[in-house]
Amino acid sequence: MGRLMRRFDAHWFAPAPLGELAAARIVLVGTQLFLLLYGTLVASLRACPACSLDYQLWLTGIDASTYLPRPALKVLLLPLGGWGVRPDPMFLHAVWWTAVVSGIGAFVGMYTRLSLLCFAAANTLLIAHGYAYHELHHTEALLIIMLWVLAFGPSGRALSLDDIRSRIRIGLAGMQFRARTPEDEIDTFARWPLRVGQWLMVLAYLSAALSKLRNGGLDWFNGETLTYYLASDGLAYGRPLGLWLSGFPTLATLLSIATVAFEATFALAVLVPALALPYVLGGVLLHLSIFAVQGPPFLQTTALYIVFIGAVRRRRAAPEPAPEARARRGRWTIVFDGLCPICIRTAVLLDALDLRRRLDFIDLEREWTTAALEAPGLTLEEARHAMHVIDPAGGIHRGFFAFRSLARALPPLWPALPLLYAPLAARIGPKLYDRVARRRRGEACSYATCGV
Amino acid sequence: MRLRKGFALMIIAGVLGFQLRVILPRGGGTDWFWPFINYPMYSAAHYAGEAVRPRELRIVPCEPGRPARPVDWHLLRIPKFRYRAVVRTLVSDGPRTLSMPDTAVVARLSRLIREHVPGNYCTAELWGRTFVLPLSAASLDPPWHRIKSWRLATEPAETTGRAP
């Protein structure tokens with residue numbers, strides 16, 4: 001019994017990387033945010049008609065006798081004036097904007113928990129309202145549940161502005177920058193929200209498999225069943241490939257067997273980590289194929305596969321390289337002034353952007369001996385005037401050019417490269433850097449004044 | 001730590017318990033608990049010889065020579081399920097039709113067209129075609145046939161024809 005409990009505990013609460021949970025937050029919130037914005041600003045999407053503000057407003061104009069809200073909507077509308085009240089256009093406007101604003105907050109991780117709660121509530125309301133007129137589709141349901149689940153986990157503790165702000169606050173309070181360690185990046189509560197997502201997918205696929213066996217029985221595999229769906233969807237959604245495929249009942253039989261086998265055994269993707277990758281690839285392929293040959297879009301379900309990020313990453317992870325290979329792989333060393341607030345902020349930001357963990361930080365005021373060894377020829381006075389970066393080849397870059405070289409090493413900064421390498425950038429950049437550096441001397445607790 | 005774990009366990013049990021309940025044969029079959037729903041789409045079996053019958057509602061302008069315009073539920077500002085029920089009632093070929101006489105359905109549809117589709121249209125037509133499974137290259141493009149048509153100008157609307 002004790003062993004079983006330990007296994008249960010490890011299944012849900014074994015320490016896991018916070019970055020994986022944060023990646024799930026970014027992908028799932030990003031997907032829903034995209035549907036809201038694209039569906040309203042560009043064109044309504046079949047993947048989420050209710051995400052479109054135009055559609056929401058259109059719904060308020062149709063016959064009230066068809067309005068049949070489900071409990072989720074009634075609960076959310078309760079503060080508006082009673083059980084079963086129908087939202088008006090102005091209220092839906094406000095909810096849509098709340099969804100967008102809170103979605104941006106949740107995406108970048110600003111007031112993450114509050115943003116996620118607002119985002120989940122606003123989207124639940126919008127989509128439940130979209131389905132309050134007898135029409136119901138399944139594409140949004142799991143994603144909506146997952147948004148709520150993410151709000152209750154520590155999904156803002158990594159890859160978020162909240163994390164950066166908190167680390168800056170700690171750094172400034174102690175006037176010392178401390179780079180992230182592997183221990184900082186794992187948490188006991190980072191696993192369970194992803195596990196909930198995995199098991200939700202298992203139950204959804206199981207439901208699909210059981211329904212086919214219960215309603216269709218063995219006849220579901222007769223080949224004609226799938227050809228019927230290929231033809232009817234192919235016609236409804238304008239998919240010539242589906243129509244063409246509906247002429248091959250034998251192939252359809254094989255595809256039917258593969259589909260139900262996949263759905264019925266999906267739990268193996270959770271229970272056997274080695275099978276996670278094939279199941280994830282199979283699932284993504286399944287949904288893309290359905291979209292290509294039949295038409296129904298499963299964008300949200302495909303995005304939900306992010307909950308397997310941990311299992312897939314560990315399966316694909318290369319073995320840890322030997323120390324000399326690690327050294328060769330190329331580390332960048334940043335020599336910064338650890339007694340200057342703006343330098344601490346910069347170091348925290350660079351550390352947060354260092355997704356591939358290639359940066360080492362040397363606080364020149366506390367570790368000058370190490371800095372002098374890493375950068376022979378660099379004097380303490382020079383180091384105090386500007387940040388210095390030592391690239392993997394041993395080259396030393398100063399000030400603006402240090403930033404520019406780092407931008408090459410940090411993928412999140414790649415979008416800034418055209419600006420950093422633009423004509424005249426090498427002239428204007430150093431001047432701007434020096435201006436900021438002079439200002440930071442003013443606000444800094446300098447070496448001299450701190451008396452360290 | 002114990003409190004946080006207890007809270008997390010409560011959410012896990014609540015979310016997965018609800019989802020499990022709606023997919024079980026006895027507890028499920030309802031979408032009342034959305035977003036906790038079951039997934040029975042595409043689960044009925046079908047057989048060779050069955051037909052797929054797409055329908056299309058079109059309205060014909062009063063000016064001769066101008067092409068007919070397809071009309072859908074969105075244009076008529078009615079829910080999709082109601083539009084489908086209207087079409088099923090007009091051809092009387094499926095479950096979930098409207099419980100009203102044919103003439104009343106035609107009158108209501110005519111009113112919706114006049115209200116929501118700008119322009120001068122005189123006739124509404126319901127068209128359809130039939131794909132019999134399994135499809136072959138020869139059966140991929142069956143001809144459209146007119147199932148029904150009626151004049152829009154007068155009220156109550158009059159039915160002018162019906163195809164088998």
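User: Before we start, what counts as a helix or a strand here?
Analyst: Helices, of at least four residues, and strands, of at least two, are DSSP runs numbered from the N terminus. Please note that this is a predicted model.

User: Good. Which strands does helix H18 of chain A lie across?
Analyst: Helix H18, residues 341–353 of chain A, lies across S3 and S4 of that chain. Its direction is at about 165° to S3(A).

User: What about helix H21 of chain A?
Analyst: Helix H21 (399–409) of chain A lies across S3, S5 and S6 of chain A, and runs at about 120° to S6(A).

User: In what order do the strands of that sheet come?
Analyst: The order is S4-S3-S5-S6 in chain A; the sheet is open, has four strands and shows mixed pairing.

User: Why is one side of S4 and of S6 left without a neighbour in the sheet?
Analyst: Strands S4 (359–363) and S6 (396–398) of chain A are at the edges and each has a single partner strand, so one side of each lacks a neighbour in the sheet. On average, neighbouring strands of this sheet are turned by 20° against each other, direction ignored.

User: How many bridges join S3 to S5 in chain A?
Analyst: Three bridges join S3 (332–336) to S5 (388–390) in chain A, and the two strands run antiparallel. Within this pair, A:Thr333 has A:Ile390 of S5(A) as its bridge partner.

User: Changing topic: how many residues of chain A are in contact with chain B?
Analyst: In chain A, 53 residues are in contact with 42 residues of chain B.

User: Which helix gives the most to that side of chain A?
Analyst: H9(A) gives the most, with 14 residues. The residues on this side of chain A, which touches chain B, divide into 31 nonpolar, 15 polar and seven charged.

Technical notes. Residues are numbered from 1 along each chain as its sequence is written. Chains are lettered from A and ligands numbered from 1 in the order in which they are written. This is a predicted model: local features need pLDDT of at least 70, side-chain atom pairs count only at pLDDT 80 or more; totals for chains, interfaces and linings use all residues. Two strands pair if DSSP finds at least two bridges between them. Axes are lines fitted to C-alpha atoms, for helices over the stretch in contact, and angles run from 0 to 180 degrees between N-to-C directions. Two residues are in contact if their C-beta atoms, placed from the backbone, lie within 7 Å. Ala, Val, Leu, Ile, Met, Phe, Trp, Tyr, Cys and Pro count as nonpolar, Asp, Glu, Lys and Arg as charged, and the others, Gly among them, as polar.
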